[in-house]
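Colleague: I would like a close look at a single part of this model. Please keep to the geometry and state the cut-offs.

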Amino acid sequence: MKIKFMGATGGIVTGSSYLLQFANTTILVDCGMYQGEEHVERLNAEPFPYDPAKVDYLFLTHAHLDHVGLVPKLVKHGFTGKIISTDATKSLAEIIMMDAAKIQEEDAYYRSDERRSNHSNEHDDGGGQQAQVGGALYTRADIPAVMEKFETHPIGQQIKVTSDVTFRMREAGHILGAVSFEIWYTSSQGRERKIVMSGDLGQTGARIIKDPDFIREADYVVIESTYGGRNHKDKNSTLLEFLAILQDAAKEKSRVIIPTFAVERAQELLYEINLFVERGLVKGLKYFVDSPLAIKATEIFRMYKNYYDEDAVSMLNAGDDPFMFRGLEYTESVHDSRRIAGERGAVIMAGSGMCTGGRVLHHLMNALPHKDAHIVFVGFQVPGTLGRRLVDGATMVRIHGVDIPVRAQMHTLNGFSAHADQHDLLYWLRSFGHSPREVFITHGDQTNRTILAQLVRDDLQLNAVTPEPGQEYELD
Ligand SMILES: [Zn+2]
């Protein structure tokens, strides 16, 4: 079997994609979008380093954009196989891809508009819709053809896909429906082998969803390393810090802006705030989920309760809806989003999570110059994004072409992370009773992947490899 490492290697965190070539079957695991710095995002337009028509199956670990964002491009470029995932991943992937398509259409329209105004005497309307979406990798019209290719399976079921490949999905504890893949195959030497693709792993004890499964055996493991270099602050201190920010905002009637990832983080925050409000720990604040994508994702969370952990299930059984409480409003329309912009005594959760676009930008423009405003980061900020610049202490930022002074109070609550930290990753690797022959470390920046690789060698006495983009390995 040959594995080719593409995205999420060479110190790049995004663009997850791995090509697994077995004797009779070719499987692509994830087909993610590159996000962050310009030179990284430019990779999205590069041709695939394989022929999509020759890929039999696409296995999706979960629905985050950096794992599913290029699936429509794959289909447009000739992929005719099946997409294997959980049902929750399928539902979430649909709204994530739709949203990405919409952003690309808008960007392409904006670019063509600019072009038109630069060449206004050419009397060229640009050829209608075609030109308006020129430059987009795909549009919303491409998504239905993608959805037809899905084949969903439950977690834990062993499924034989072809004569030489069998797989099973396992709980990854990262976001709703997220899995790791166990894949059994026959090597070119005729040996029975198994490779495990971790996908993104979550923290043990995270809210709503179940904890990651521990997997007993593997010959080869591909593991993410987003937080391979450090440990999160513990969850309780994160919650106390969050509560203190909310109490402060309630007292001062100030505002709290939370750049929120639409899937998982938004729902997890609602879950925690619901507990604070129900217990009377914070009073007098208004809460807004100001993100159409987060609203849709919350609806999907309501649909798939079979993925919830015991605490979330018993909360539901007791009649408490974690996604609805006093003071909470879902603002879907642009009109409502504008209405709440100047609101005080308010907590606004808006996308995008790394402040690269979306409604959070106009809330930041409003809030950043004010000393009493709080900006709360609750997720990983990729280098090159506005979120990262704010976290790194920028005193002036440019939003929509306007220079905005930063006087607001910045908070980073990384205990909310949907990612396993260094301790969790090593613990997960330790569970392999039968030592893997090789551990491939991906999905981390240079620092994080290098530190994790060293620990895997020193503490676990395993071979650790940090692949570069395009590198291929023969696994016998
Ligand atoms: Zn993820």
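How many bridges join strand S13 to strand S15, and do the two run parallel or antiparallel?

Modeller: This is a predicted model, in which local features need pLDDT of at least 70, side-chain atom pairs count only at pLDDT 80 or more, and totals for chains, interfaces and linings use all residues. Residues are numbered from 1 along each chain as its sequence is written.

Strand S13 (residues 286–289) and strand S15 (residues 346–350) run parallel and are joined by four bridges. Strands here are DSSP runs of E with at least two residues, helices are runs of H or I with at least four, and both are numbered from the N terminus. Two strands pair if DSSP finds at least two bridges between them. Within this pair, Tyr287 is opposite Val347 of S15.

Helix H7 (residues 235–252) packs on the sheet and touches S15, along with strand S12 (255–259), strand S16 (374–377) and S19. Contact means that the C-beta atoms of two residues, placed from the backbone, lie within 7 Å. The direction of H7 makes about 145° with that of S12. Axes are lines fitted to C-alpha atoms, for helices over the stretch in contact, and angles run from 0 to 180 degrees between N-to-C directions.

The sheet itself is open and has six strands in the order S14-S13-S15-S12-S16-S19, with parallel pairing. Its edges are S14 (328–330) and S19 (409–412), each of which pairs on one side only. On average, neighbouring strands are turned by 20° against each other, direction ignored.
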